[in-house]
Amino acid sequence: MADLILEARDIVKNFGRVMALRGADFGVQTGEVVALVGDNGAGKSTLIKCLAGVEQPDAGEVLFEGRPVTLHTPTQARALGVETVYQDLALAADLDPAANLFLGRETTRGGVLGKLGFLDKAAMHRQAAEAFDSLGVGIQDSSAPVANMSGGQRQGVAVSRAVTWASKVVFMDEPTAALGVVQTRHVLELIRRVRERGVSVVLISHNLPEVFEVADRIEVLRLGERVAQFKRADVGMEDVVGAMTGAITRGEAA
């Protein structure tokens with residue numbers, strides 16, 4: 001497949017006697033939304049963790065822009081422009097949206113105060129407001145802790161943080177799992193806005209209607225291996241379910 005920005009080849013990952021990935025492959029092209037789907041235990045989250053630097057594969061290789069890379073930590077992945085929104089969002093509940101956006105990347109003030117570690121909170125709030133506005137994330141009270149916000153708003157803060165710092169790829173792990181209908185619509189629109197920026201999105205989801213709404217391509221994992229790749233426009237949900245369950249074989253679907 002041409003123009004892959006991030007690729008996994010023959011990834012193997014074991015946890016003791018449990019083989020989570022059995023030579024898994026995966027690829028995402030520049031500026032596309034690709035859905036990674038599969039039943040529970042298929043290896044989706046493990047594969048994403050290997051690509052995000054959280055876990056290190058036992059075998060196989062990861063390529064970024066065509067070059068082999070070794071990602072020992074999430075920090076190394078972030079340096080390449082790769083960010084992840086996990087299911088638990090990883091937000092600091094007692095901090096406001098701006099503080100969460102700059103968590104670990106705080107802006108210090110100029111001069112002596114900056115050398116002493118004083119933060120430029122005004123600049124961070126200003127830049128955070130611009131980021132939220134550009135993505136259409138409605139934050140009614142930017143000074144309130146995120147613990148007081150709705151699930152959709154918290155998801156918006158987490159996505160905004162990832163997109164603000166990601167220049168290449170954003171992984172989203174079940175981003176609508178705990179959201180209502182209206183909040184889900186906002187998150188799906190966020191995914192579209194991220195793609196419009198030219199940033200690739202990898203969507204891990206069990207919700208096939210949502211997958212078919214926003215994905216350009218669909219890759220299917222089953223028992224730790226990629227068993228199918230589909231262009232979303234060319235297939236129906238029954239094809240994807242068939243690949244997930246084994247009703248469609250690798251040769252027919254891949």
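Phe102 is buried (under 20% relative accessible area, with exposed meaning over 50% and partly exposed in between, for a 1.4 Å probe and protein chains only), its relative accessible area being 2%, whereas Trp165 counts as partly exposed at 27%. The model is predicted, so that local features need pLDDT of at least 70 and side-chain atom pairs count only at pLDDT 80 or more, while totals for chains, interfaces and linings use all residues. Residues are numbered from 1 along each chain as its sequence is written, and side-chain values use heavy atoms, with hydrogens and water left out.

The ring centres of Phe102 and Trp165 lie 5.7 Å apart with the planes at 80°, so the pair is edge-to-face (for Phe, Tyr and the six-membered ring of Trp, pairing requires centres within 6.5 Å; planes under 30 degrees apart are stacked, over 60 edge-to-face and the rest tilted). Phe102 belongs to the loop between helix H3 (97–101) and helix H4 (111–115), and Trp165 to helix H6 (residues 151–165), 63 residues apart; helices (H or I, at least four residues) and strands (E, at least two) are DSSP runs, numbered from the N terminus.
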